[in-house]
Amino acid sequence: MSRAFVKEDQAAAQANQPVERRVSDQPNYVTAKGLAQLQQRLAELNALRSELQAQGEHADKQRLADAERDLRYFGARVQSAQVVPAATSRDKVQIGSRVTFVDEQDQEHRVQLVGEDQADAAQGLVNWGSPLGRALLGAGPGDEVLWRRPAGDQLIEVIAIEAQDE
């Protein structure tokens, strides 16, 4: 058999495999709530895999492959998780802090710095390692910090810091 046919067969087999989820290079700092969410997701994926495996030949092979991929990802995230102490300071932004700031247009924003997997911009949960998170980390009330954004740098002022509510 020609080597070309072997490569085509291997490529076809790999085409059905989901692309691996990339694990970030930054430290996996998480809040206690973030770790609980990761563990919950892992439990859900284990249950899904068991359910699909119990279906035997009738199982959706793509769903099983996706579940296996996600299990590898979330398993690695739980293993590498470094739970940070609860943010208690009102003088310095920490992971877990809720921060109120104003931008150059005098619009007020309220966000909470969280771990990467817990981040959800629509909910005001910002990854501590994002440009906004890095700008806010360590700042105090009244501090102006430079938020380096792809759309252009912007000065923001920290108005208030609330302790973590977990």
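**Before selecting anything**

Residues are numbered from 1 along each chain as its sequence is written. Because the model is predicted, local features need pLDDT of at least 70 and side-chain atom pairs count only at pLDDT 80 or more, while totals for chains, interfaces and linings use all residues; side-chain values use heavy atoms, with hydrogens and water left out.

**Whole chain**

Colour by pLDDT, the predictor's confidence in each residue, from 0 to 100. The protein has a mean of 90, and 89% of its residues reach 70 or more. Confidence is lowest in helix α1 (residues 3–15), at a mean of 53, and highest in strand β3 (residues 98–102), at 98. Where pLDDT is low, the predicted coordinates should not be read in detail.

Now switch to a cartoon. Helices (H or I, at least four residues) and strands (E, at least two) are DSSP runs, numbered from the N terminus. The protein has four helices and seven strands, in the order α-β-α-α-β-β-β-β-α-β-β along the sequence. Of the 166 residues, 39% are buried; buried means under 20% relative accessible area, exposed over 50%, and partly exposed in between (1.4 Å probe, protein chains only). Contact means heavy atoms within 4.5 Å. Among contacts with a separation of 6 or more, 57% are between residues 24 or more positions apart.

**Select 32–54: helix α2**

The expected span of a helix is 1.5 Å times one less than its number of residues. For the 23 residues of α2 that gives 33 Å, and the end C-alpha atoms are 33 Å apart, which agrees. Show the side chains of L35, L38, L42, L45 and L52, which together with G34 are the buried residues of α2. Their cover includes β1 (29–30), α3 (61–80) and β2 (82–83).

**Select F101, V111, L132, L136 and I156: the largest core**

A nonpolar core is a set of buried Ala, Val, Leu, Ile, Met, Phe, Trp, Tyr and Cys residues joined through side-chain atoms within 4.5 Å. The largest one has 15 residues, and the five selected touch the most other members. Two or more residues come from each of β3, β4 (108–114), α4, β6 (144–147) and β7 (154–162). Another core, of ten residues, lies apart from it, and includes L38, L71, Y73 and V78. Return to V111 and list its neighbours: leaving out residues up to four places away in sequence, V111 touches S97, R98, V99, F101, G124, V126, L132 and L136.

Rings of Phe, Tyr and Trp (its six-membered ring) pair if their centres lie within 6.5 Å; planes under 30 degrees apart count as stacked, over 60 as edge-to-face and the rest as tilted. The count comes to three aromatic pairs. Y29 and W128 form a tilted pair, 5.2 Å centre to centre with 50 degrees between the planes. Y29 is in strand β1 and W128 in the loop between β5 and α4, so this pair ties together parts 99 residues apart in sequence. Y29 is partly exposed at 28% relative accessibility, whereas W128 is buried at 5%. Y73 and F74 have ring centres 5.0 Å apart and planes at 85 degrees, so that pair is edge-to-face. Y73 is buried at 7%, as is F74 at 9%.

Q26 sits in the loop between α1 and β1 and is buried, with a relative accessible area of 16%. A polar contact is a pair of N or O atoms within 3.5 Å; within protein, one must be able to donate a hydrogen and the other to accept it, and residues adjacent in sequence count only if both atoms are side-chain atoms. The Q26 side chain makes such contacts with the side chains of E116 (3.4 Å) and N127 (3.3 Å). Beyond four places in sequence, Q26 touches E116, N127, W128, G129 and R134.

S130 lies in the loop between β5 (125–127) and α4 (131–136), and is buried at 17% relative accessibility. A polar atom of the S130 side chain lies 3.1 Å from the backbone nitrogen of G133.

Finish at D106, in the loop between β3 and β4. D106 is exposed, with a relative accessible area of 67%; its phi is positive, near 60 degrees, in a residue other than glycine.
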